[in-house]
Amino acid sequence: MHRRIERVLGNVRDFPLGARTVERLAIPSDAMTKRVVRVTSSVGDLALVLEDRRLRDGDVVYADAERVVAVGVEPDDVIIAVPPTIGAALELAHALGNRHLSIQREGDALIVRYSEPIAALCERAGVPWERARRVLAEPFVAPAAPHEHAS
């Protein structure tokens with residue numbers, strides 16, 4: 001039986017921890033978009049059911065006198081591409097969009113999940129890129145329902 005958690009108590013960045021032990025629950029970033037996330041912790045099995053918001057890295061989901069249990073989002077394997085010109089940025093964004101990939105922007109950089117074909121695409125386009133493991137502020141969101149392109 002899972003203990004149902006329906007609200008976040010705060011975030012470890014500003015939560016009053018005191019002398020309590022902090023337990024981080026390793027959760028894949030893909031799970032951050034789910035309505036119900038089931039995890040096992042030192043206080044038992046938890047069902048995180050948040051109707052009004054998504055989980056974020058550091059969210060405190062349980063606290064007692066001895067411990068604080070917080071979400072620890074696992075880093076994603078990503079490509080961070082920094083197109084040198086607006087034209088290169090548009091070309092890369094168009095190519096990624098045609099593949100229905102979720103992208104994020106951070107300053108002038110485009111961030112996408114790592115894959116060999118996308119790395120090769122960046123190389124062919126002459127766009128500088130690096131591979132990194134990073135916890136993103138927002139999880140990648142799956143593309144919308146399938147659709148067709150007009151001919």
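This is a predicted model: local features need pLDDT of at least 70, side-chain atom pairs count only at pLDDT 80 or more; totals for chains, interfaces and linings use all residues.
Figure 1. When neighbours within four places in sequence are left aside, the contacts of Ser29 are Val73, Glu74, Asp76, Arg113 and Pro139.

Figure 2. Along the chain, Pro28 and Pro75 are 47 residues apart, and their C-alpha atoms are separated by 7.6 Å.

Figure 3. The covered face of β4 consists of Val37, Val39 and Ser41. Its uncovered face consists of Val36, Arg38 and Thr40. Strand β5 (residues 44-49) pairs with β4 in the antiparallel sense, over 6 bridges. Within this pairing, Leu46 of β5 stands opposite Val39.

**Figure 4. Length and buried face of helix α1.** Helix α1 comprises 13 residues (residues 86-98). At 1.5 Å a residue, α1 should span 18 Å, and this agrees with the 18 Å between its end C-alpha atoms. Which residues of α1 are buried? They are Ala88, Leu92, Ala95 and Leu96. Seen down the axis of α1, these buried residues fall within an arc of 100°, so they line one face of the helix. Ile86, Leu90 and His94, on the other side of α1, are exposed. Among the elements that cover the buried residues of α1 are β8 (76-81), β10 (109-113) and α2 (116-125).

**Figure 5. His100, after helix α1.** Most residues other than glycine have a negative phi. His100, which follows α1, has a positive phi, near 55°. This is a positive value in a residue other than glycine. His100 lies in the loop that leads from α1 to β9 (104-106). The relative accessible area of His100 is 35%, so this residue is partly exposed.

**Figure 6. The aromatic pair of Tyr114 and Trp129.** A pair of aromatic rings is described by the distance of the centres and the angle of the planes. The structure holds 1 aromatic pair. The ring centres of Tyr114 and Trp129 are 6.4 Å apart and the ring planes lie at 35°, so the pair is tilted. Tyr114 is in the loop between β10 and α2, while Trp129 is in strand β11 (residues 129-134); the pair therefore ties together parts that are 15 residues apart in sequence.

Figure 7. Is Tyr114 buried or exposed? Its relative accessibility is 18%, and Tyr114 counts as buried because this value is under the 20% cut-off. Trp129, at 26% relative accessibility, counts as partly exposed. The ring of Tyr114 also has the charged end of Arg131 sitting over it, 3.6 Å from the ring centre.

How values were computed
Residues are numbered from 1 along each chain as its sequence is written. Side-chain values use heavy atoms; hydrogens and water are left out. Helices (H or I, at least four residues) and strands (E, at least two) are DSSP runs, numbered from the N terminus. The expected span of a helix is 1.5 Å times one less than its number of residues. Buried means under 20% relative accessible area, exposed over 50%, partly exposed in between (1.4 Å probe, protein chains only). The arc is that of the directions from the helix axis to the C-beta atoms. Contact means heavy atoms within 4.5 Å. Rings of Phe, Tyr and Trp (its six-membered ring) pair if their centres lie within 6.5 Å; planes under 30 degrees apart count as stacked, over 60 as edge-to-face and the rest as tilted. A charge sits over a ring if NZ of Lys or CZ of Arg is within 6 Å of the ring centre and within 35 degrees of the ring normal. Two strands pair if DSSP finds at least two bridges between them.
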